[in-house]
Amino acid sequence: MSDKIPVTVLTGYLGAGKTTLLNRILSEPHGKKFAVVVNEFGEVGIDNELVVGADEEVFEMNNGCICCTVRGDLIRIIDGLMKRKGQFDAIIVETTGLADPAPVAQTFFMDEDVSSKTRLDAVVTVVDAKWLTERLKDAPEAKNQVAFADVIILNKTDLVTAEELAAVEAQIRAINPYAKIHRTQRAGVDIAEVLGRNAFDLDRVLELEPAFLEEGHHHHHDEDVQSVSFTIPGDVDPAKFMPWINELVQQEGPNILRSKGILAFKGEPKRFVFQGVHMILDGDLTLDWKPGEKRQSKIVFIGRNLNREALNKAFLACAA
C-alpha cells in the first residue's frame, strides 16, 4: 500500500458550506489528525478563525487565489508538511470559492517533490442547492468545480422544494455524471463518504481536460467580483448592527455573493459569527473570547458593485 499522504481538495462556490463541512470533519471523533490549508479571497482573513479543531494546524494563504498567484505557496506549505511526516494522517486543502480546482489538483501531479510524497485522494465540491442554478449562469468557476468533482455535497437542501432539488441535481448530472452526490443540510454527511475515497480518477480528468498534465494555466477570474473588509478595534452594538446588516442584505443581496463576520458584541463574552449568501443570513454566538484576547469586530463582503466607502461608514457607525 502506498505510504503517500492522502490529500483532499475541498472546493465549492462562495457560501456553499465548505467551512461548515471542514469543521464537521475536524470535530467528529474519528481519531485522525489533519493538516489543513485554507485559502481565502479577501484582505482580512476570517476563515482561519472560523475553522474549529484546536489540535489541527491551519495554514492560511491570503495573498490571492490558490489556483493562480499562491500556487507556489501551496507547494512550499506541502513541502514543509512533508518534513513533519508522521504527525498527521492526511491533508485537507480548502480553496477559495472562486478557485478553479483543476490547477490545484494539477499541483499534486506536476510538482515532482509534491507528487512523490502525496496522493490526491479526491476533489470534494460543496454546492448550494438554492443558488447553484444562478451561479452556473454567471460564474464559470462554479461549473468547473462541479465538473471536476469526485464527490459532490449538494448542500442546503432545506432551502429548496423537492422539485427544485431534483432540477438542481439534474443540472449537476448533466455536467458531471460520474461524481457521487450526497444531499445534505449544514453539510451533514458521513465523513467516510468524503475522506479516504481514493476517488480521484486521472483518466476521467484527462478526458475532461486533455492538457491537464501540461504546464501553463490560463485561468481568469471574474474581474467584477471584489472583496472588501472592515475592522472595528473593539465592540459593536448589536442594537445598531443587526438592523443594519439585515436591511443591507435585503437591499443589496443580489450583489452580495458572500458576507461573513466575527463580532464582539458589547457585554457579550462569546463571539458572534455570521455568514450570509445573498439575502440569507445566519448567525450565532460561538466561542468565548479568551482571557487577555483583544476583542475586535471584522466583517467581509464579496460581491459586485460594492460601495466600499458607504459600507465602511455604516459599519463604523455600529461601534459600541
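**Pockets, a cavity and helix contacts in a predicted model**

The lining of the second largest pocket comprises 7 nonpolar, 4 polar and 4 charged residues. Here Ala, Val, Leu, Ile, Met, Phe, Trp, Tyr, Cys and Pro count as nonpolar, Asp, Glu, Lys and Arg as charged, and the others, Gly among them, as polar. The model is predicted, with local features needing pLDDT of at least 70 and side-chain atom pairs counting only at pLDDT 80 or more, while totals for chains, interfaces and linings use all residues. Residues are numbered from 1 along each chain as its sequence is written, and side-chain values use heavy atoms, with hydrogens and water left out.

The volume of the second largest pocket is about 270 Å³. A pocket is an open set of points on a 1 Å grid over the protein atoms alone, with protein on both sides within 12 Å along at least five of seven lines; lining residues have an atom within 4 Å of a point. Grid points are joined across faces, edges and corners, and a volume is the space filled by probe spheres set on the points. Of the 15 lining residues, Pro6, Lys32, Ala90, Leu195 and Gly196 lie nearest the centre of this pocket. Strand 1 (5-11) and strand 5 (118-128) each supply at least two lining residues. Strands (E, at least two residues) and helices (H or I, at least four) are DSSP runs, numbered from the N terminus.

The structure also holds 1 cavity of 30 Å³ or more. A cavity is a set of grid points where a 1.4 Å probe fits but cannot get out. The largest cavity contains about 110 Å³ of space. It is lined by 15 residues, with Tyr13, Leu14, Asp128, Trp131 and Arg135 closest to its centre. Strand 5 gives the most to this lining, with 3 residues. By class, the cavity lining has 10 nonpolar, 3 polar and 2 charged residues.

Helix 3 (residues 71-82) and helix 4 (residues 101-110) pack at about 45°, with axes 11 Å apart. Axes are lines fitted to C-alpha atoms, for helices over the stretch in contact, and angles run from 0 to 180 degrees between N-to-C directions. Helix 3 and helix 4 are therefore oblique to each other. Angles under 35 degrees count as roughly parallel, over 145 as roughly antiparallel, 65 to 115 as roughly perpendicular and the rest as oblique. The contact (heavy atoms within 4.5 Å) involves Arg71, Leu74, Ile75 and Ile78 of helix 3, and residues of helix 4 including Pro103 and Phe108.

Helix 10 (residues 238-252) and helix 11 (residues 308-316) pack at about 155°, with axes 10 Å apart. Helix 10 is therefore roughly antiparallel to helix 11. Phe241, Trp244 and Leu248 of helix 10 meet Leu311, Ala314 and Phe315 of helix 11.
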